[in-house]
Amino acid sequence: MHKIKNIFPMIYDFENLFNAYKAGIKCKRYRPDVMAYTDKLEENLIELQNEFIWKTYTVGRYNIFYVYEPKKRMIMSLTFKDRVAQHAIYSQLNPYFEKQFISDSYACRVGKGTHKAVNRLHDWLKQTDRKPQRFYYLKLDIAKYFYRIDHEVLMDILRKKIADEDLLHVLSVIINCEDTNFGLPLGADIGDVAFDELLGEVGLPIGNLTSQMFANLYLNELDQFCKHKLHLHYYIRYMDDIIILHPDKKYLEKIKNKIADFLGNKLHLQLNKKTCIRPTSMGIEFVGFRIWSTHVKLRKKTAKKLKRRLKYMFAAYHAGEIDKDTLDRSVASYRGILQHFNSYGMRQSLNELYLQEMGKPYPEPEKKPANKCGLFCGYYGSTDDYIRQQPEKKEVTDSGSNADA
């Protein structure tokens, strides 16, 4: 394989830096730090260009915060200048790496994503379901993946692929950030370790554009091992979540051990307790869905999260924190999500929740139009029109009953 050469001048080219700036301001142009950077845009881009050329570029201090869905994660966000730098590097370097990735790696890649991954695995299950053998799946999950990526191993992988020493220097500055450590000790959880106890020789910050690229490149080593050494056909990966299908349960156990050895010896990673081997007939949990050969459903935890988020949007609307247009856009996004899996029961539940929260009772089943099953079930008008179309519940009194009689 030929190494990547002469790419660094393309990264610090002024036009590329300007395009990186335009990519960085999407949906953020009115933030104070972005507006301050834009105010002296040409001066700031030239300064960044010179820092790349003269090898004086350093990563600024990270803003650290936590998110708790689906589990506690430490997120680190960069200053806007550093985001421009990362967009400039990513736009030029990632296309070279993309050519080396396997087709069944779906995370953080253009034209891939969770829905494509679900469709691929669903197609495989339909194929294997027609075969006479009973199939099993091996589910692999890597313990604290982003927090345990070894910096030296990652730099060795980059050195094998990149011949440009100036670029390798900048990448090393980003990976081995002097101000902030990202790594967790082996077996530790994110809530158990103080900031001053985080490790400097392992870990990548979740949230960085380059971290996504490096993380995919890091596990591409495993992809190539599984495809070319183990010759696995039904192998799919979404970042650190991996599914392998095979009719022999004992064979999958051997594969699991070989992969564990490869991860430990080559990449200094470990599998976690979620790793298991089960029949495909039980359904496979993957990227927030549960997938069978016959249908796909949203995972229960994901469904509860979605419903909880929708309730929060209703509460924010009633409190005046968001307007009706913002609420309608959120509802439209949920309607789009529901199209990707078998969700009739959940649609009915969300229809009822919507009408109750917006102040109108949900109609009885027999009163629903035959060609519609609610706002979340194939209705494409506005939410206001939908509410107006719902029949009013008529209260039947004794006197009214006698008059009809």
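Good morning, colleagues. Please bear in mind throughout that the model is predicted.

I begin with the chain as a whole. Its secondary structure comes to 16 helices and nine strands. The chain has 405 residues, and 46% of them count as buried. If we take the contacts between residues at least 6 apart in sequence, 72% join residues at least 24 apart.

How many residues does the largest nonpolar core have? The number is 86, and the residues with the most contacts inside this core are Phe52, Leu93, Tyr145, Leu158, Leu222 and Ile244. Helix H10, which covers residues 209-229, provides the largest share of the core, with 10 residues. I would like to take Ile244 as an example. Leaving aside neighbours within four places in sequence, Ile244 is in contact with Tyr136, Tyr137, Leu138 and Leu140, among others. Its partners also include Leu232, Tyr234 and Tyr235, as well as Leu252, Ile255 and Ile259.

Phe286 brings us to the next topic, a sheet. Three strands form an open sheet in the order E7-E8-E9, and their pairing is antiparallel. Which strands are at the edges? They are E7, residues 284-286, and E9, residues 296-298, each of which pairs on one side only. From one strand to the next, the twist averages 30°.

The charged side chains are my next subject. The structure holds 15 salt bridges, and I shall discuss several of them. The side chain of Arg120 meets that of Asp104 in a salt bridge, at 2.9 Å from N to O. Arg120 lies in helix H6, whereas Asp104 lies in the loop between H5 and H6, so this pair ties together parts that are 16 residues apart in sequence. Are the two partners buried or exposed? Arg120 is partly exposed, with a relative accessible area of 31%, while Asp104, at 5% relative accessibility, counts as buried.

Helix H6 holds another such pair. Lys126 forms a salt bridge with Asp123, and their closest N and O atoms are 3.5 Å apart. Why can these two side chains be described as one turn apart? Lys126 and Asp123 are three residues apart in helix H6, and therefore they are separated by about one helical turn. Lys126 is partly exposed at 33% relative accessibility, and Asp123 is partly exposed with a relative accessible area of 36%.

A further salt bridge joins Glu285 and Arg290, with the closest N and O atoms 3.1 Å apart. Glu285 counts as partly exposed, at 29% relative accessibility, and so does Arg290, at 21%. Finally, Arg31, Asp33 and Arg83 are linked in a network of salt bridges.

Against this background, Asp82 deserves a moment. This residue has its place in helix H5, residues 80-98. Asp82 is buried yet has no salt bridge. Which side chain of opposite charge is nearest to Asp82? That is Lys81, at 5.2 Å, whereas a salt bridge requires the nitrogen and the oxygen to be within 4 Å. Leaving aside neighbours within four places in sequence, Asp82 is in contact with Tyr57, Thr58, Val59 and Gly60.

Lys144 lies in the loop between strand E3, residues 136-141, and helix H7, residues 145-148. It is partly exposed, with a relative accessible area of 29%. Beyond its neighbours within four places in sequence, Lys144 is in contact with Leu184, Ala188 and Asp189. The C-alpha atoms of Lys144 and Asn272 are separated by 8.3 Å, although the two residues are 128 apart along the chain.

That concludes the presentation. Thank you for your attention.

Key: Residues are numbered from 1 along each chain as its sequence is written. This is a predicted model: local features need pLDDT of at least 70, side-chain atom pairs count only at pLDDT 80 or more; totals for chains, interfaces and linings use all residues. Side-chain values use heavy atoms; hydrogens and water are left out. Helices (H or I, at least four residues) and strands (E, at least two) are DSSP runs, numbered from the N terminus. Buried means under 20% relative accessible area, exposed over 50%, partly exposed in between (1.4 Å probe, protein chains only). Contact means heavy atoms within 4.5 Å. Lys and Arg count as positive and Asp and Glu as negative; His and the chain ends are not counted. Two strands pair if DSSP finds at least two bridges between them. Axes are lines fitted to C-alpha atoms, for helices over the stretch in contact, and angles run from 0 to 180 degrees between N-to-C directions. A nonpolar core is a set of buried Ala, Val, Leu, Ile, Met, Phe, Trp, Tyr and Cys residues joined through side-chain atoms within 4.5 Å.
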